[in-house]
Amino acid sequence: MNIIYLECVRRSFPSLQYLSLAPCKKITDKGLQYLGTGRGCHKLICLDLSGCIQALVKCQQIMSVVFLDSPHLSDPTFKAPECKLIKVRIEGNDQISDLSFKLISKCCPYIRLIHIACCQMKDVGLKMISQLKCIHVLSVVDCLWYYIAPIFLCHQLTYLNLRHSENITDAGIEALGNMSSLMSTDISAINISDMGLRVLGCHGKIKQLSLAECKNFSDTGIQEYCKGTKHLEYCHISNCSQLTDEAVKYLAFYCHRLASVSLACCPKMTETCIQYLATACLYLHFLDVSGCINLTDKALKCLWKGQKQLILKMLYCRNITKQAALKYTAKLEKQEYNDADPPARLRYGRGGKPSPKNTSQTLTKQTPPNEE
């Protein structure tokens, strides 16, 4: 791609704001300079350079950039004079190091959103990010760092994603409990224990919490967390096979504002947990019980009288019959159902494997627009 093509884009779309060049590996610095000077697409605010290897230094007017699967991207990419960048997404790059985040903190003082996944960022890089005064959203997924205390300095941070940061322990979680601005956090697949949940619950203001794939806490940890919060609206504890109905009891009776709950792949759950939710959570709008193999038709009876606006997902619920699904979910806004055995990857089918006989019946229902 050269300037001629970019000129055609400029003429055809004079008000263009979002442009993806992924993965235009032949675009040169001249093309980027053409965009960056404002001569081409002067209203451009978001540029996707996924798969490209060129520098960002030429595009000082861009406010949002995306680098996905750009293995040749390196630290000098972010060595530029002060720019207007406010959003950056980087995934799948082992060349980016802590130096990049030092440059970002120096050259992009107005940045509000950073998403980093599968990169080589360590503790020093996180410390550099903490110097950004305007950061609201920070997503650091599957990176090599241990110490998250510097995040405490991000006084405007409202969303934090630490998914698959397996080196994080309860000691790191303590820092989150002191962040008054934090409203949403995803700490899926980390080594948090009951003690860590108790400390996090002291925060009290978190509305959205994801603990999917965390194996080191118990029902008691959920109890300790819920005691300290009244604002929780979104709680996903999917793939936590150690949890039982007791965990849901604490959620339901402490957190009356719950609107979205995922219990997917929690095989110890029974219809009792559904009864807790149906009784106490009057604002529940989404419920995922896929893979809860002990649920029976009785579970649906609990939802029959109310919850008409509920979106219910119940895949791999082999003990719920099609007849019950049709009868008791007819008034729901939307539902997904089948009675297939759970896939082998979930490791708790009959004998640890799916049954040779698979009588799968799939049923998806959407309320028509004109149906009350």
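Contact is taken here to mean heavy atoms within 4.5 Å. The structure described is a predicted model.

Under this criterion, S188 touches L162, R163, H164, S210, L211, A212 and C214, residues up to four places away in sequence not being counted. S188 itself is located in the loop that runs between strand 8 (184–186) and helix 6. With a relative accessible area of 0%, S188 is buried, since that value falls under 20%, the limit for a buried residue. The side chain of S188 is also joined to the side chain of D186 by a polar contact of 2.7 Å.

Helix 7 spans residues 219–227, and its buried residues are D219, G221, I222, Q223, Y225 and C226. These buried residues are covered by elements that include helix 6 (194–201), strand 9 (208–210) and helix 8 (245–254).

Helix 8 in turn packs with helix 9 (residues 271–280), the two axes lying 8 Å apart at an angle of about 5 degrees. Helix 8 is therefore roughly parallel to helix 9, as angles under 35 degrees are classed in this way. On the side of helix 8, the residues that take part are D245, E246, V248, K249, A252 and F253; these meet T272, C273, Y276, L277 and A280 of helix 9. Classified by residue type, this contact of helix 8 with helix 9 comprises seven nonpolar, one polar and three charged residues.

Helix 9 also packs with helix 10 (residues 297–304), their axes coming within 8 Å and crossing at roughly 5 degrees. Helix 9 and helix 10 are thus roughly parallel to each other. Helix 9 contributes E271, I274, Q275 and A278 to the contact, whereas helix 10 contributes K298, A299, C302 and L303. Five nonpolar, one polar and two charged residues make up the contact of helix 9 with helix 10.

Confidence in the model was also examined. The chain has a mean pLDDT of 80, with 75% of its residues reaching 70 or more. For residues 349–360, however, the pLDDT is below 50, and this stretch has 17 contacts in the model beyond near neighbours in sequence. Residues 365–372 likewise have pLDDT under 50, and the model shows 12 contacts for them beyond four places in sequence. Where pLDDT is low, the predicted coordinates should not be read in detail.

Terms used
Residues numbered from 1 in each chain as written. Heavy atoms only, no water. Buried < 20%, exposed > 50% of the residue type's maximum accessible area, 1.4 Å probe, protein only. Helix = DSSP H or I, 4+ residues; strand = E, 2+ residues; numbered from the N terminus. Axes fitted to C-alpha atoms, helices over the stretch in contact; angles between N-to-C directions. Parallel < 35°, antiparallel > 145°, perpendicular 65-115°, else oblique. Nonpolar A, V, L, I, M, F, W, Y, C, P; charged D, E, K, R; others polar. Polar contact = N/O pair within 3.5 Å; in protein donor to acceptor, adjacent residues only side chain to side chain. pLDDT = per-residue confidence, 0-100.
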